[in-house]
Amino acid sequence: PTPLPGQDVAPQRVEIHKLRQGENLILGFSIGGGIDQDPSQNPFSEDKTDKGIYVTRVSEGGPAEIAGLQIGDKIMQVNGWDMTMVTHDQARKRLTKRSEEVVRLLVTRQSLQKAVQQSMLS
Amino acid sequence: MDTESQYSGYSYKSGHSRSSRKHRDRRDRHRSKSRDGSRGDKSVTIQAPGEPLLDNESTRGDERDDNWGETTTVVTGTSEHSISHDDLTRIAKDMEDSVPLDCSRHLGVAVGATLALLSFLTPLAFLLLPPLLWREELEPCGTACEGLFISVAFKLLILLLGSWALFFRRPKASLPRVFVLRALLMVLVFLLVVSYWLFYGVRILDARERSYQGVVQFAVSLVDALLFVHYLAVVLLELRQLQPQFTLKVVRSTDGASRFYNVGHLSIQRVAVWILEKYYHDFPVYNPALLNLPKSVLAKKVSGFKVYSLGEENSTNNSTGQSRAVIAAAARRRDNSHNEYYYEEAEHERRVRKRRARLVVAVEEAFTHIKRLQEEEQKNPREVMDPREAAQAIFASMARAMQKYLRTTKQQPYHTMESILQHLEFCITHDMTPKAFLERYLAAGPTIQYHKERWLAKQWTLVSEEPVTNGLKDGIVFLLKRQDFSLVVSTKKVPFFKLSEEFVDPKSHKFVMRLQSETSV
C-alpha cells in the first residue's frame, strides 16, 4: 500500500487480541487526541491541527506491543470504523467494545527518526 | 325561587334609618340587575358593591354588617320570557321581583343578627337567672366559682373581639345563591344555643338547682363551645381556601389578555368574586378601540366568485354546496391582506414612537421650569405657588404633545384634561420625576387606575353549567359576563408532586481540564 501524503510509512494493519484481566478486556496502550481535544498539545502529530487519535503509550508486554503497535502511531480505523473524526470518548468506546475480542487497526506512523525528533523538541 | 342570605356572626343592632337607606339602595340595584342580568338558563348575577372610599351609601349601611349578606337569585325560570319586546311587562315583573327579594334579604340579616345577639347574651342569662329567681335557696359562690366569673368575662370579650374581626366586614359582593358554609354555621349555632337552653330550662330552672357553681360551669362550657364554633368559622370561611389546589386560567374574550391564578377549595360563586377582585388590578383596561384590524386591511374580503348549478333538484344541498365552494375559492385566491396588515402595523408603531419621543421631551422640559421652594430661600409671596397652580403653569407646554400621543394610542377617552392636571399636581407634590409622571400614560394600566365611577362596573353575570354553590373541580369552565366582553375561566387541578431526595456530597464536585486527555485502553 502506498504511503499517505505527509506520512513517510504506508498504513499498517495491526491486529490486537485483547487480554482478559479480571472483568475487563485490555489492549495495553493509551490514546490521546480527538476532535474535542486541543490538537496543539499533541507531541506526535506532524501537523499541529491534526485532531486524530494517536497512540501515546504502549505498555510493556501487553497485547498492543505484541501486535506491533508503536508509540506515536495515528489510528485511522478500528474494525472498519473511522477514527480520524471522532471525539476522544467515542474513540475509547470503539476500542473497548466488550463484544469484540480482536480489534483490527489501520495505523500510520512517521519514520522513526522524525518521531524521535518531534518528541525531543516538544 | 328566592333564598336568603345568612349568617352570621355577631353584629350590632341596625338603626332604622340605616336599613331604610339600604333598602332603597338595594331596590335600585335589583332593578338594574334583573333587567341586565336575566338571560339564558342558569345564569345568575353577582353584584359587586362599589369602593368604600367613594361609595358612601354602602359603607355607612353595611359597615356593621359582616360579609354575609345579600344573596339573591334571579328568577331563571322566566328568563326566556323576559326577552320580550314589551317593556311594560318587563318593568312590572321587575317591580314584583324586587320587593320580595328585598324583604328576604333583610330577613336574613335580621335573623342572623338576632341569633348572634341571643347566643352572646345566653351565658349572661344563665348566670343571672338563678340569683334573680331563687336567691334564698342558692348556695353561696366559693372562690373557684368567682374565678370562673373572671374566665367567663374574658372569654366573652375574646369572643366579641374575634367576631368583630371576622364578621364585621363590608360585604364584597352580593352572591347569587346562598353561601352554603355560612348557612351551615348559622344552623350549628342555632342548634347549640337551643340545646343549651333546653337543658338549662329542664334541669336548672325547673329543678331549681342549688349549686351555683354548677350553673356557672355550665355557662362557661357554653362560652367555650361558642369559641370553638368561632374557630370552626375561621377554618371554614378563611383558612380552607388558602392552600392552592387549582390553577385558573382567566382569558378576556375580546382581546385575549390572560392570567393564571392559584386558588384553594372554594365554591364557584366565591371563586368568581375572588377573580373579579384580581381582574381589576391585574388586567390591562379594556379598550374597545384597540380591537379591530384597520378597515383598509379587511375591506377586500369580498369574493367575486359566482357558482352556477347545472340541473340539480335538491335545493338545500345546493346552497350549502354553493357556500362551501365560495369559501374554498376565496381561501385559495391569493390574498395580500397580510401584507397590508404588516405595513400598517409597522407604520403605526413608528408613529407611536415618534409621538412618544415628543411627549417625553416636552414633559422633561416642562418639569425643569419648577422647583420646590427651600426653607431658607426668601421669595416674593406672589411668586410662591401651591401644587395646583404649579401644575397649571407647566401643563400648557406639554398639553399638545400629550393630547397627540393619547390620540395615537387611542387612550384619549380614559384621560380627561382634569385628570391629567390632577395627576400632574400629585406628582409635583411628591417630588416625582417626569418619568414617574409619564408611567401612567405610556402603558395601559389596570382598570382600577382610571377614574372610578366611569370604569368600575359593578354588575357582572356568572354563567355556568354547574350549580354555582358547587365546589371547584378539575375541568370546570364558567364565564363572567359584562355587556361588552366576558372573562372565560377554566380550571385545572394542581398536580400531585412526588418529591424525591438526592444527596450530593459537597466533596464530589471535581473537574478536569479538557485539553489533552489520555485514556488507557
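**Exercise 1. Determine how β5(A) and β6(A) run relative to each other, and which strands pair with β6(A).**

Step 1. β5(A) and β6(A) run antiparallel and are joined by 2 bridges; strands pair if DSSP finds at least two bridges between them. Helices (H or I, at least four residues) and strands (E, at least two) are DSSP runs, numbered from the N terminus. Within this pairing, A:K74 in β6(A) is the bridge partner of A:Y54.

Step 2. β6(A) is also joined to β8(A), residues 102-108, by 4 bridges, again antiparallel. Here A:Q77 faces A:L106 of β8(A).

Step 3. With β7(A), β6(A) forms 2 bridges, and these two strands run antiparallel. A:Q77 stands opposite A:D82 in β7(A).

Step 4. As for burial, 4 of the 5 residues of β6(A) are buried, and the strand is mostly covered. Buried means under 20% relative accessible area, exposed over 50%, and partly exposed in between (1.4 Å probe, protein chains only).

The model is predicted: local features need pLDDT of at least 70, side-chain atom pairs count only at pLDDT 80 or more, and totals for chains, interfaces and linings use all residues. Residues are numbered from 1 along each chain as its sequence is written, chains are lettered from A and ligands numbered from 1 in the order in which they are written, and side-chain values use heavy atoms, with hydrogens and water left out.

**Exercise 2. Describe the interface between chain A and chain B: its area, its composition and its polar links.**

Step 1. The size of an interface is often given as the accessible area lost when the parts come together. Chain A and chain B bury about 1,100 Å² between them, with 46% of it on carbon and sulfur atoms; buried area is the accessible area (1.4 Å probe) lost on putting two parts together, summed over both.

Step 2. Chain A contributes 19 residues and chain B 8 residues to the contact, where contact means heavy atoms within 4.5 Å.

Step 3. There is 1 salt bridge between chain A and chain B. A:R57 and B:E518 form a salt bridge through their side chains (3.9 Å, N to O); the term requires a side-chain nitrogen of Lys or Arg within 4 Å of a carboxyl oxygen of Asp or Glu.

Step 4. The elements giving two or more residues to the side of chain A that touches chain B are β4 (29-33), β5 (53-58) and α2 (88-95) of chain A. The largest share, 5 residues, comes from β4(A).

Step 5. That side of chain A has 5 nonpolar, 10 polar and 4 charged residues. Ala, Val, Leu, Ile, Met, Phe, Trp, Tyr, Cys and Pro count as nonpolar, Asp, Glu, Lys and Arg as charged, and the others, Gly among them, as polar.

Step 6. β4(A) and β7(B), residues 518-520, run antiparallel and are joined by 3 bridges. A:S30 stands opposite B:S520 in this pairing.

**Exercise 3. Is B:A362 buried or exposed, and which residues does B:A362 touch?**

Step 1. B:A362 is located in helix α10 of chain B, residues 337-367.

Step 2. Its relative accessible area is 15%, so B:A362 is buried.

Step 3. Not counting residues up to four places away in sequence, B:A362 touches B:S397, B:M398 and B:A401. The C-alpha atoms of B:A362 and B:R400 are separated by 9.2 Å, although these residues are 38 residues apart along the chain.

Conventions: Polar contact = N/O pair within 3.5 Å; in protein donor to acceptor, adjacent residues only side chain to side chain.
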